Structures are given as C-alpha cells and as structure tokens.
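Biologist: Please take a close look at one part of this model for me, the stretch towards its end, and follow it to whatever it touches. Keep it chatty, but give me the cut-offs.

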Amino acid sequence: MPTPSEQPPRTRELAGWRAAAACSGLPPQIVFAQHASTAGPALRACARCPVVRECEEAVAPAESWFDGVSAGRLWRNGRPVALGRQRTRRRDRRQKGTKR
C-alpha cells in the first residue's frame, strides 16, 4: 500500500477529510445503518459537518451501492432514502383507514 506521500494529491486530499468529519467518533453500526431510527446520530452529525462535499465525493454512494449515512443523507443500495415523508404517508393511510 502506498504511503500518504506516494499517493496522488487528490487521493491525499480526499483521505484527509475523515479527520474533520463530524461523524468520525461514531460507531460503525450508526454510520452504516440502513434505517433512519438507527442512523439518527450520524444524520445529526452531518447537519454540522464541515466536510459534507468531500464525504460524498470520497464515498460516491450512488456509484457504489452504499448503505449508510453519507453527505447528510441516508443511503440504501446507492439510493437516497426519503426521510420523514414515508412515515407521514403511512400515518396518513392509517388515519384514513380508521375514519372509514
């Protein structure tokens, strides 16, 4: 494996963002969670993270079938998961069903 000084400048730059990432101290099961209820701490960390753009470039979630939190979004199989709206729709359906 090449040492950091042997890596191309862009690779070194992308690797350096991890130290500044707001999620860097979180357990992997939270960062790589598949459900919003588990990923909440990572999503909240993203809201204050200074390296969101670098995170998305390095992880490339849409290109890698990524599962977890990257760049302020929850991803499943490389697609962003809709947060909030999905729960609201389910709740609305239940409420409509009980009123009938």
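Modeller: Asn77 is found in the loop between S2 and strand S3 (79–80); strands (E, at least two residues) and helices (H or I, at least four) are DSSP runs, numbered from the N terminus. Bear in mind that this is a predicted model, where local features need pLDDT of at least 70, side-chain atom pairs count only at pLDDT 80 or more, and totals for chains, interfaces and linings use all residues. Numbering starts from 1 along each chain as its sequence is written, and side-chain values use heavy atoms, leaving out hydrogens and water.

Asn77 isn't a glycine, yet its phi is positive, about 55 degrees. Its relative accessible area is 41%, so Asn77 is partly exposed (buried is under 20%, exposed over 50%, partly exposed in between, with a 1.4 Å probe and protein chains only).

Cys46 and Val69 both belong to the largest nonpolar core, which has nine residues, including Leu74 and Val81. Such a core is a set of buried Ala, Val, Leu, Ile, Met, Phe, Trp, Tyr and Cys residues joined through side-chain atoms within 4.5 Å. Helix H3 (residues 36–47) gives the most to this core, four residues.
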